[in-house]
Amino acid sequence: MVLLRSMNSLRTSLRALATVSAFQFGQRSRIIRYCVSSLAVGGLAIHYCTRNKAFAAAIASPRIDTSKFMADPVTGVETLEKTQNDIKTKMELLILRIQAEICKALEEVDGEEKFTVERWQRAEGGGGITCVMQDSNVWEKAGVNISVVNGTLPAAAAAQMRVRHKELSEGKLKFFAAGISSVLHPRNPKIPTLHFNYRYFEVTDTETGKKHWWFGGGTDLTPFFLDKEDIIHFHTTLKESCDVHNKEYYKRFKKWCDDYFFITHRGERRGVGGIFFDDLDTPDQEQIFKFVTSCAESVVPSYLPIVKKHKNDGYTYSDRQWQLLRRGRYVEFNLVYDRGTKFGLLTPEARIESILMSLPLFARWEYGHKPKPGSKEAEIMEVYVNPREWV
């Protein structure tokens, strides 16, 4: 822009000099001084801009403040600043921001502990930032992880992906993935467990040269006891974030969530749902990114009021045992059915500690356990088996 303005100024000055002879001497001298000054300034600007491309790039690319993140970005800051309009950069900056905002909110509600932060790298490409807090005042185990990885999909992972993406060839698949994943296991059984995950995936088919991309994610709640007010608040907040973008999204993704988090061998859901979507590539990349941003930003307002409401509630030994039994179901779903867990375990040089961060510190399996009819455990169990419409 500076260069363009300077060129225009030079052109104007040269045109003025070409016509200066038509004026009287006094007027000519003033015009000549003006034109010479303009030529000098313009020439200096052009010289500076062409010789100092770094300066021009700095004007065009805003600086990224990394002090707000939990750790330095996975991708180099200089690269991120130069590619801020690229969807991969946008997604990495989004998950870095969301991770920091959620970790700080969880630390505040805990009041005692801070997250342990570990930045890691993957030899094949990329890395991540793992944030974990465990055995704290409120959180038995809370993890908020981001990863930005790339490379070649191994055969097993590629085969799993082709089940849902028939258009992919049998050739090698280069991939890029950026996402945030979190599971929050509270100590108090009166506080529900929360899970959320938002991700962007890109695959380049080396055989056809075609690039495929999509977004996925969701937020879901697993309460151990039925508090209708809490569940309505949670679903209402998610619906509001969906409605800004498409009035059909909540209904569609709420059903998808109920179906996805179904523990087939148990015949029950993991919790009371929320929203879930995958392989989303319409209407266009920018609109879906804005939708994903709204969903990620809805995590704190959908969940933290519930935590604050119940964190000082009393509970019994029986309440704790029921919580541990339901956590056993959580483990079963994550290890048997969850796509993200399976993909992570199939990825070369996967960071197992980060993948299995979702598992609770404690869980319980009791042979032949069934809640007593009419009990509060039986009440929530009915919801696990038969999902309800909350809003």
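Helix 9 (residues 285-297) and helix 10 (residues 299-310) pack at about 15 degrees with axes 4 Å apart, in what is a predicted model. Axes here are lines fitted to C-alpha atoms, for helices over the stretch in contact, and angles run from 0 to 180 degrees between N-to-C directions. Helices (H or I, at least four residues) and strands (E, at least two) are DSSP runs, numbered from the N terminus.

**Helix 9 with helix 10**
- Helix 9 and helix 10 are therefore roughly parallel to each other (angles under 35 degrees count as such).
- On the helix 9 side, Cys 295, Ala 296 and Glu 297 make the contact, and Val 299, Val 300 and Pro 301 receive them from helix 10 (contact means heavy atoms within 4.5 Å).
- Sorted by type, the residues of this contact are five nonpolar, no polar and one charged (Ala, Val, Leu, Ile, Met, Phe, Trp, Tyr, Cys and Pro count as nonpolar, Asp, Glu, Lys and Arg as charged, and the others, Gly among them, as polar).

**Helix 11 with helix 14**
- Helix 11 (residues 317-336) packs against helix 14 (residues 376-385) at about 20 degrees, and their axes are 11 Å apart.
- That angle makes this pair roughly parallel as well.
- Their crossing is right-handed (the near helix is turned clockwise from the far one by less than a right angle).
- Ser 318, Asp 319, Trp 322 and Arg 326 of helix 11 meet Lys 376, Glu 377, Ile 380, Met 381 and Tyr 384 of helix 14.
- This contact is made up of four nonpolar, one polar and four charged residues.

**Nonpolar cores**
- The largest nonpolar core has 71 residues, of which Met 91, Phe 115, Trp 139, Tyr 198 and Tyr 303 touch the most other members (a core is a set of buried Ala, Val, Leu, Ile, Met, Phe, Trp, Tyr and Cys residues joined through side-chain atoms within 4.5 Å).
- Helix 5 (residues 87-110) gives this core its largest share, 12 residues.

**The chain as a whole**
- The protein chain has 14 helices and nine strands.
- Of its 391 residues, 50% are buried (under 20% relative accessible area, with a 1.4 Å probe and protein chains only).

**Notes on the model**
- Residues are numbered from 1 along each chain as its sequence is written.
- Local features need pLDDT of at least 70, side-chain atom pairs count only at pLDDT 80 or more, and totals for chains, interfaces and linings use all residues, while side-chain values use heavy atoms, with hydrogens and water left out.

Conventions:
Parallel < 35°, antiparallel > 145°, perpendicular 65-115°, else oblique.
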